[in-house]
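Dear colleague,

I am handing over the structure we spoke about, and you will find it just below. My notes on what was found in it follow.

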Amino acid sequence: MSTKDFVLAVEGLTVSFDGFKAVNDLSFYVDEGEIRVIIGPNGAGKTTVLDLICGKTKATSGSIKFRGKELTKMTEHAIVHSGVGRKFQNPSIYEDLTVFENLEISFPRGRSVAGALFFRRDAEVVQAVEEVAETIFLQDQLHTTAGLLSHGQKQWLEIGMLLIQKPDLLMLDEPVAGMSVAERKRTAELLNCITKGRSVIVIEHDMQFVEDIAHRVTVMHQGKTLSEGSMERVKSDPKVVEVYLGH
Amino acid sequence: MNLVSKFGTNTSGFSIITRRGVIKTIAAVCAGWILQAGAAEVNTTGLAVTDKEVTVGILHSVTGTMAISETGSVQAEKLAIKQINAMGGVLGRQIKFIQEDGASDWPTFAEKSKKLLVNDKVAAVFGCWTSASRKAVLPVFEQYNGMLYYPTFYEGLEQSPNVIYTGQEATQQIIAGIDWVVKEKGAKTFYLLGSDYIWPRTSNKIARKHIEKLGLKVVGEEYYPLGHTQFNSVINKIKLTKPDVIYAIVVGGSNVAFYKQLKAAGISLPKEKPLLLTISVTEDEILGIGGENIEGAYAAMKYFQSLDNPNNKAFVEAFKAEYGKDIVIGDVTQAAYLGPWLWKAAVEKAGSFDIDKVRAASPGIELTTAPEGYVKIHPNHHLWSKTRVGLAQKDGQYKLVYETEDLMEPDPFPKGYQ
Amino acid sequence: MFSDYTSAELLSIFAMQGFAGLILFSVFVLMALGLAIIFGQMGVINMAHGEFMILGAYVTYLISNLFATYLPSLFGIYFFVAMIVSFIAAGALGALVEWSFIRFLYQRPLDTLLATWGLSLILQQIYRSVFGAREVGVTLPDWLMGSVPLSETIEIPINGLFVMGLTLVIAGGVYFLMFKSRWGCQVRAVVQNRPMAAAVGINTAKIDRITFALGCGIAGIAGSAFTMIGSTGPTAGQLYIVDTFLVVVFGGAASLLGTIASAFTISQAQSTMEFFLSGSMAKVLTLLTVVGILMIRPQGLFAMKVRK
Amino acid sequence: MSRQSLKTLFPASDITYWIILGLLLGVVLPLTLDIFRLNLVGKYLTYAFVAVGLVLCWGYGGILSLGQGVFFGLGGYCMAMFLKLESSDPESTKIQSTPGIPDFMDWNQLTELPWFWEPFYSFPFTLIAIIAVPTIFAYIIAVAMFKRRVGGVYFAIITQAIASILTILIIGQQGYTGGVNGITDLRTLMGWDIRSDSAKYILYYVNFFFLMSCLLVAQFVRKSKLGRLLVAMRGREDRVRFSGYDVSSFKIFVFCLGAAFSAVGGAMFTLQVGFMSPSFVGIVPSIEMVIFCAVGGRLSIFGAVYGTLLVNWAKTTFSESFPELWLFAMGALFIGVVMAFPSGLAGVYKKYVEPWLISVAGHARNFLSKPGNAIPSVGPLSKQEGVSP
């Protein structure tokens with residue numbers, strides 16, 4: 001089956017920092033509408049993989065094909081334009097802007113210099129923002145300064161900032177880290193509803209949460225795929241138990 | 001002296017008085033009485049002149065990089081003014097000065113000169129040091145018709161009706177010096193070296209022309225940015241090209257570095273060739289360089305503190321009395337000292353403070369009391385003065401080794417040197 | 001241009017020229033080491049670095065006068081005393097400065113730039129008020145004067161040798177401090193991860209102060225050494241600051257080795273060009289090259305690639 | 001422009017600032033100051049162009065350039081070259097060995113005008129060059145640096161180096177540039193004597209007009225999404241990048257804009273002061289211009305103007321009365337502003353003056369018990385106020 005049919009096809013991906021291979025000949029494929037969770041011990045290279053896909057880090061070798069487009073050669077913003085959204089580990093939002101402005105800035109229009117200069121806040125923008133705000137449970141905080149939100153809400157806001165871009169591939173780095181149980185549940189719902197019509201890659205440690213959302217799981221270890229498949233299969237994989245779940 | 005005390009003036013710094021001086025004084029004081037009629041006659045253009053006082057400006061850098069050089073000029077000008085006042089002032093009026101700081105910044109000079117002329121209505125300004133500052137204020141003086149007494153030896157190529165140049169223009173400093181080193185020391189080859197700005201470049205240009213006229217050879221010409229402190233490369237080139245004379249026009253901090261490194265590189269000036277002739281190191285600069293580093297270098301100037309004549313003895317004495325015994329006096333300091341005296345003379349000759357009358361009176365004004373000896377204002381507003389060559393001593397003084405027979409004519413636009 | 005020289009002369013040219021380059025190199029290293037520590041290790045842009053050097057120079061000047069008047073017999077060795085005192089003086093001032101405002105600005109490097117620029121203005125004026133606007137000359141002991149002839153054409157200035165020796169000693173000392181001593185280890189720890197270092201009980205505030213003081217102290221020694229070759233005036237410090245920063249940045253801010261390497265590259269480039277071009281153009285070309293390279297390789301010559 | 005976007009550009013909160021500044025510069029100062037002082041103010045205001053540019057680059061974009069003098073200088077030199085050519089017509093330069101070329105060229109044995117001087121005979125070309133030359137130069141630097149994500153300290157130091165390179169170059173190539181003396185003795189602009197008092201008045205107002213226009217542009221940028229993006233970038237560059245923006249292009253834009261502002265300032269400087277010299281290109285003036293901006297408040301375009309006026313006024317008066325103290329004052333200013341008032345005058349105003357004003361207004365209101373005539377409640381200069389949809 002050719003890489004075209006996948007949303008994302010990562011093949012032989014390798015990156016080395018001064019000789020140390022953080023990601024080593026990694027390959028995996030993500031289907032349309034799939035929620036893929038990547039787990040693995042610290043330093044396994046999970047975050048680095050996301051960095052590589054979204055262009056934050058340049059690959060030493062290997063290829064990343066998104067809908068058949070080679071990402072490894074593209075610049076960050078071009079990758080975003082092609083439909084990849086990425087959420088960072090600890091919430092990365094604009095503290096001194098309001099929730100509305102946060103979302104507005106992420107709205108995919110007027111991304112060029114001129115565009116930004118002459119960007120107008122018209123009905124379309126406002127509507128889009130309000131829709132997203134609703135999905136991420138922040139419709140009432142639209143005009144609070146983002147810095148004042150709770151940790152969980154910040155996480156949601158960042159997810160919202162991705163949603164408003166309508167990406168085909170959404171990458172979330174530990175979206176529920178530091179969230180209350182209640183918040184996790186809502187986040188899980190949130191994820192389930194936003195995955196309609198797009199694929200998601202999630203990095204997560206919280207096994208319960210992984211169980212709730214994962215379609216398939218990739219276990220990484222020392223920059224390589226250790227095991228891949230449904231949660232059950234992975235859980236029962238002795239190698240995985242040994243390096244990861246065991247302790 | 002009693003003569004003087006009769007006028008009830010204090011006699012400090014007054015010893016420079018000569019017979020001629022006394023007569024002048026009396027003239028001045030009488031003039032004072034006569035003209036007590038009021039400021040009107042002596043001042044028809046609304047300058048800051050009252051029956052008792054006349055206001056002048058002093059405009060130098062007290063702060064910034066140039067403060068190093070300009071301090072001496074300020075002191076000299078203040079001393080001259082003090083002495084003139086002691087003698088009864090100008091046309092019976094005491095001189096009051098307003099001092100402004102050019103802060104080593106050319107537009108500030110322009111700004112301050114405008115203030116002095118427009119707001120303070122000063123009758124004359126003594127000031128500026130670098131060509132850049134002079135160029136900056138020149139339009140102001142021409143526009144508001146002020147009179148500037150400019151003390152520094154400079155590159156020439158200028159002759160403004162609103163400036164009296166009390167220092168030498170380039171040819172006065174260069175030509176006689178080179179003639180001397182050629183005649184006395186049999187120099188055949190020259191290495192020209194300078195800081196990279198207009199005065200050294202223009203001066204070296206004239207030097208080169210003159211050297212080539214004499215049928216001699218320039219073996220190298222080098223310029224370094226102002227403030228440069230690494231001269232080992234050029235010193236190597238000098239060692240290599242073995243010139244008879246290093247003709248150095250290095251200024252400011254670079255001087256110190258240059259002479260120290262020259263000595264360190266084993267080129268000992270007093271002994272054998274190459275010998276070094278400079279026109280940029282006065283006694284002031286030697287303070288920084290250190291006598292032991294420059295000992296044995298020759299300098300072509302018009303004035304050295306060590307000059308042996310009664311005027312100078314009195315001047316140095318007065319200067320030390322005023323500013324402490326360790327103070328040194330360089331060429332420019334002396335030239336600055338001339339400013340107020342030349343102005344006084346011109347005003348008294350004109351019998352008026354009006355700029356135009358003073359200007360008209362200026363050519364031909366002579367000063368027999370000048371520390372450097374006798375000077376005279378040329379119609380081109382520069383001074384007739386002698387060129388002298390001094391040999392740098394370990395104690396930081398110059399020993400006079402040669403002076404031109406007669407006064408050198410100032411020639412700001414030397415034909416055949418451009 | 002060499003047609004009219006014998007090969008022997010050419011040889012000596014290059015020998016002496018290379019040596020001139022080495023002196024320049026030592027000068028750069030002396031200037032840059034202190035800054036490399038302060039800027040590279042602490043991220044503080046100390047625009048007053050030049051003024052700290054000049055402080056060292058003035059101290060040397062004072063000490064030499066003291067010896068000349070009170071201990072003429074020991075004049076030969078005053079220089080060593082002077083350097084130690086310069087180090088202490090500049091270091092102490094550094095500590096004071098760090099305590100009085102730098103420590104509040106660690107998170108705002110660009111602001112340290114402004115603040116230290118202000119400091120440099122103040123120091124300049126203080127020097128001017130205390131020592132006068134004129135440049136002051138420092139008398140060197142005779143043994144530092146003159147030069148050693150290697151051949152009849154090649155002569156090596158002694159003070160140049162001295163500066164080079166000094167540079168070696170100081171560079172060695174710094175290397176030892178940073179990489180072999182416990183203190184240096186703590187410094188690097190603080191640089192790499194402040195909170196963690198604090199957590200394991202390193203007194204980061206103290207480390208910062210000492211580091212800053214050390215950097216300034218070295219600047220003091222540099223200034224002291226410069227009295228042999230350069231000028232000592234209130235504003236002389238300004239002359240060095242740009243070159244110094246370029247050397248550090250060019251070397252890759254965080255790496256001391258890089259600083260030394262870049263000092264070597266730049267100095268050799270400059271002294272070579274100075275020989276073939278006029279001084280001004282050589283300077284311009286050198287700076288241009290450095291800036292050009294920095295634009296292509298912003299992280300400088302020696303920068304580690306790290307996983308973020 | 002539609003009302004809505006006009007409201008965005010001038011929220012009621014800012015109108016008062018515009019009016020106050022306009023009145024101060026346009027009416028009060030010209031009426032109260034004699035022409036000499038007014039000309040000084042005019043000179044100061046040319047620095048304000050740079051300061052306003054810095055507010056955008058540094059305050060908003062977080063790009064600290066220590067080389068703004070370069071652009072100020074380039075703009076000034078372009079203007080100076082035109083004026084110099086005009087003032088060195090064959091008639092008035094007939095004493096030269098080569099009449100018709102600027103005097104300093106003659107002194108340096110140039111026998112003909114260098115090619116790059118030729119176009120400056122044309123006034124239109126000069127006007128274009130004043131903006132274009134510095135902006136293109138800025139663009140080259142910016143592209144080289146920002147495309148490679150060089151920022152912050154490194155950018156500051158490199159711009160500083162560029163400033164010193166250009167200074168050495170200008171001084172060294174005096175045959176073409178007038179060297180350290182600069183290009184001096186500029187008299188007329190297309191036959192019009194720029195040194196007469198009337199001319200100085202007119203130039204002051206031209207300057208005032210241009211400054212206001214630059215403020216307008218700056219305001220427009222601040223209030224546009226680009227303004228918010230700059231703020232966003234300062235904190236979370238990666239986030240902006242991964243929201244699909246080419247961060248470097250925004251930095252390049254704002255840096256070039258700052259350069260263009262500085263250039264206009266430089267040209268106006270040449271016109272009002274009557275000469276241009278390398279002493280405005282160097283490091284020291286460049287850093288001083290940064291402090292003007294810092295004193296005013298690095299996030300306030302109005303603050304920048306006031307800061308510039310204040311510092312320069314202080315400089316003039318200080319150095320007139322006690323020059324020795326000036327450097328101490330200046331140094332203290334640098335440290336004080338950074339330590340105590342990172343947001344400068346604007347910050348002080350926000351923190352102390354404004355609340356007081358409002359409370360006073362409040363009292364007045366209660367006292368008159370007329371809710372109608374509330375003064376426009378003044379919004380923060382520095383904060384970004386998003387306008388509710």
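Which residues in helix 2 of chain C meet which residues in helix 3 of chain C? Please bear in mind that this is a predicted model. On the side of helix 2 of chain C, the residues are Phe52(C), Leu55(C), Gly56(C), Val59(C), Thr60(C), Ile63(C), Ser64(C) and Phe67(C), and they meet Tyr78(C), Val81(C), Ala82(C), Val85(C), Ser86(C), Ala89(C), Ala90(C), Leu93(C) and Gly94(C) in helix 3 of chain C. By type, the residues of this contact divide into twelve nonpolar, five polar and no charged.

As for the geometry, the axes of helix 2 (residues 49-70) and helix 3 (residues 78-100) of chain C come within 8 Å and cross at roughly 140°, which makes helix 2 of chain C oblique to helix 3 of chain C. The crossing of helix 2 of chain C past helix 3 of chain C is right-handed.

Turning to the contact between chains, 37 residues from chain C and 34 residues from chain B take part. On the side of chain C that touches chain B, helix 1 of chain C gives the largest share, seven residues, and the residues of that side comprise 15 nonpolar, 15 polar and seven charged.

In chain A, four strands form an open antiparallel sheet in the order 2-1-4-5, with strand 2 (20-30) and strand 5 (69-70) of chain A as its edge strands. Two bridges join strand 4 (residues 61-66) of chain A to strand 5 of chain A, and Lys65(A) stands opposite Glu70(A) in strand 5 of chain A. Helix 1 (residues 46-54) of chain A lies across strand 1 (8-17), strand 2 and strand 4 of chain A, running at about 70° to strand 2 of chain A.

With best wishes

Definitions and conventions. Residues numbered from 1 in each chain as written. Chains lettered and ligands numbered in written order. Predicted model: local features only at pLDDT ≥ 70, side-chain atom pairs only at ≥ 80, totals over all residues. Contact = placed C-beta atoms within 7 Å. Nonpolar A, V, L, I, M, F, W, Y, C, P; charged D, E, K, R; others polar. Axes fitted to C-alpha atoms, helices over the stretch in contact; angles between N-to-C directions. Parallel < 35°, antiparallel > 145°, perpendicular 65-115°, else oblique. Left-handed = near helix turned anticlockwise from the far one by under 90°. Pairing = 2+ DSSP bridges.
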